Amino acid sequence: MGLKIRKGDFVQVIKGKDSGKKGRVIRVYPKENRALVEGVNFVKKHVRPRKIDQQGGIVSMEKPVPLANLKYFCMKCGKPTRVRFRLLPDGNKLRCCAGCQEIIEPR
Ligand SMILES: [Zn+2]
């Protein structure tokens, strides 16, 4: 079974504190069912100085969000849509938008 959300996809957050935010998927973690999305789920992290002349402090960084909180955002439909798989005669599966039927791959 293929993943519906892949690296490079444009997605919208549909649940959680970042609900409504949109961004591009930087990385997918299939085992954890999470994805890292550009500009989504920023958390503050305390950083300790590693060198004597380096200052510690707080940095903001993105953390992966559950795939269940994300929905593929179709540019053509202009809204988050469902992704369907279309089976080709050669056995390959292509992802397409359930709304406008536009094929998502290849990019
Ligand atoms: Zn569409």
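Partly exposed means a relative accessible area between the buried limit, under 20%, and the exposed limit, over 50%. Keep that in mind for this tour of a predicted model.

**Stop 1: a charged patch.** Select Arg 86. Its relative accessible area is 31%, so Arg 86 counts as partly exposed. Arg 86 sits in strand E9, residues 83-87. Together with Arg 86 they make up a patch of positive charge on the surface.

**Stop 2: strand E1.** Go to Phe 10, in the strand spanning residues 10-13. Show its contacts beyond four places in sequence: Lys 22, Gly 23, Arg 24, Lys 71, Tyr 72, Phe 73 and Met 75. Then select Glu 105, 95 residues from Phe 10 along the chain. Their C-alpha atoms are 13 Å apart.

**Stop 3: a salt-bridge network.** Select Lys 17, Asp 18 and Lys 21, which salt bridges link into a network. Lys 17 pairs with Asp 18 at 3.8 Å, N to O. Between Lys 21 and Asp 18, the closest N and O atoms are 3.2 Å apart. Is Asp 18 buried or exposed? Asp 18 is buried, at 9%. Lys 17 is exposed at 63%, while Lys 21 is partly exposed at 36%.

Stop 4: Select Glu 102 and Lys 76. Their salt bridge brings the closest N and O atoms to 3.1 Å. The two residues are 26 apart: Glu 102 follows strand E10 (93-97), and Lys 76 lies in the loop between strands E7 (70-74) and E8 (79-80). Lys 76 is exposed at 57%; Glu 102 is partly exposed at 39%. The model's salt bridges number four.

Methods. Residues numbered from 1 in each chain as written. Predicted model: local features only at pLDDT ≥ 70, side-chain atom pairs only at ≥ 80, totals over all residues. Heavy atoms only, no water. Patch = residues over 30% accessible without salt bridge, like charges linked within 9 Å, V, L, I, M, F, W, Y side chains within 5 Å. Areas by Shrake-Rupley, 256 points an atom, 1.4 Å probe, with all protein chains shown as cover. Salt bridge = Lys/Arg side-chain N within 4 Å of Asp/Glu carboxyl O. Lys, Arg positive; Asp, Glu negative; His and termini not counted. Charge placed at Lys NZ, Arg CZ, Asp CG, Glu CD. Helix = DSSP H or I, 4+ residues; strand = E, 2+ residues; numbered from the N terminus. Buried < 20%, exposed > 50% of the residue type's maximum accessible area, 1.4 Å probe, protein only. Contact = heavy atoms within 4.5 Å.
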